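Me: I would like to go through this structure with you. Could we take it topic by topic?

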Amino acid sequence: MIAIGQIARSNGIRGEVRVNLLTDDPERLQQLTHVWIGCDEATTQRFNIERVRFHRGQAVVKFGNIDNRSAADGLKEQFVFIEEKYAVALAQGSYFIHDIVGMEVSTEAGVRVGRVDEVWQMPANDVWVVRADGKEILLPAINDVIQSVDVSRRMIVIRPMEGLLE
């Protein structure tokens, strides 16, 4: 499953919720008939989508069987997931964050750098936070640094800029 949003709070008294979006294509939420909601993938429950609209950078969603504010409040802070088969096709050289997190990173010379622990989405480019041996390296996800990403082998090869690994 892929998290595409997180429920921020209830909206009004008729069971709508405001969803902070975690997707680059929020409009596709309007095309879905159902999603899975839970604190993590293991605790999800299926919810049908009745309607979606957008307001101030958030999606306002009405789910089936959520008909009042109290029921909507019970969904607060839970994630909205879709099945991976419904994910949008990515352009070549683009990756889902959940694919990158946990990958091993090494240099072109084969020196292990660490493992990607999280991804920060910044205005200019993403930054991959690599941790190893109590050390944290902020790796800019740019073509000059990232040489290859092998999702099947869970490996990333980099060409570190001067001073990056120090």
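Me: What should I know about the model and its numbering?

Reply: This is a predicted model, in which local features need pLDDT of at least 70 and side-chain atom pairs count only at pLDDT 80 or more, while totals for chains, interfaces and linings use all residues. Residues are numbered from 1 along each chain as its sequence is written, and side-chain values use heavy atoms, with hydrogens and water left out.

Me: In what order do the six strands close into a barrel?

Reply: The order is 1-2-5-4-3-6, with antiparallel pairing. From one strand to the next, the twist averages 45°. Strands are DSSP runs (E, at least two residues), as are helices (H or I, at least four), numbered from the N terminus. Two strands pair if DSSP finds at least two bridges between them.

Me: How many bridges join strand 2 to strand 5?

Reply: Five bridges join strand 2 (residues 16-21) to strand 5 (residues 58-63). Val-19 faces Ala-59 of strand 5 there.

Me: Now the hairpins. Which residue takes a positive phi in the hairpin of strand 9 and strand 10?

Reply: Asp-133 does, near 50°, and two residues lie between the strands. Strand 9 (residues 126-132) and strand 10 (residues 135-140) run antiparallel and are joined by six bridges. Trp-128 has Leu-139 in strand 10 as its bridge partner.

Me: And how many residues lie between strand 11 and strand 12?

Reply: Four residues lie between them, and Arg-154 in the turn has a positive phi of about 60°. The two strands, residues 146-150 and residues 155-158, pair in the antiparallel sense over four bridges. Asp-150 stands opposite Met-155.

Me: Changing topic: how many aromatic pairs does a search of the whole structure find?

Reply: The search finds two. Phe-79 and Phe-81 form a tilted pair, 6.2 Å centre to centre with 55° between the planes. Rings of Phe, Tyr and Trp (its six-membered ring) pair if their centres lie within 6.5 Å; planes under 30 degrees apart count as stacked, over 60 as edge-to-face and the rest as tilted.

Me: Is Phe-81 buried or exposed?

Reply: Phe-81 is buried, at 6% relative accessible area, whereas Phe-79 is partly exposed at 25%. Buried means under 20% relative accessible area, exposed over 50%, and partly exposed in between (1.4 Å probe, protein chains only).

Me: Lastly, where does Leu-90 lie?

Reply: Leu-90 lies in the loop between strand 6 (79-82) and helix 2 (97-100).

Technical notes. Axes are lines fitted to C-alpha atoms, for helices over the stretch in contact, and angles run from 0 to 180 degrees between N-to-C directions.
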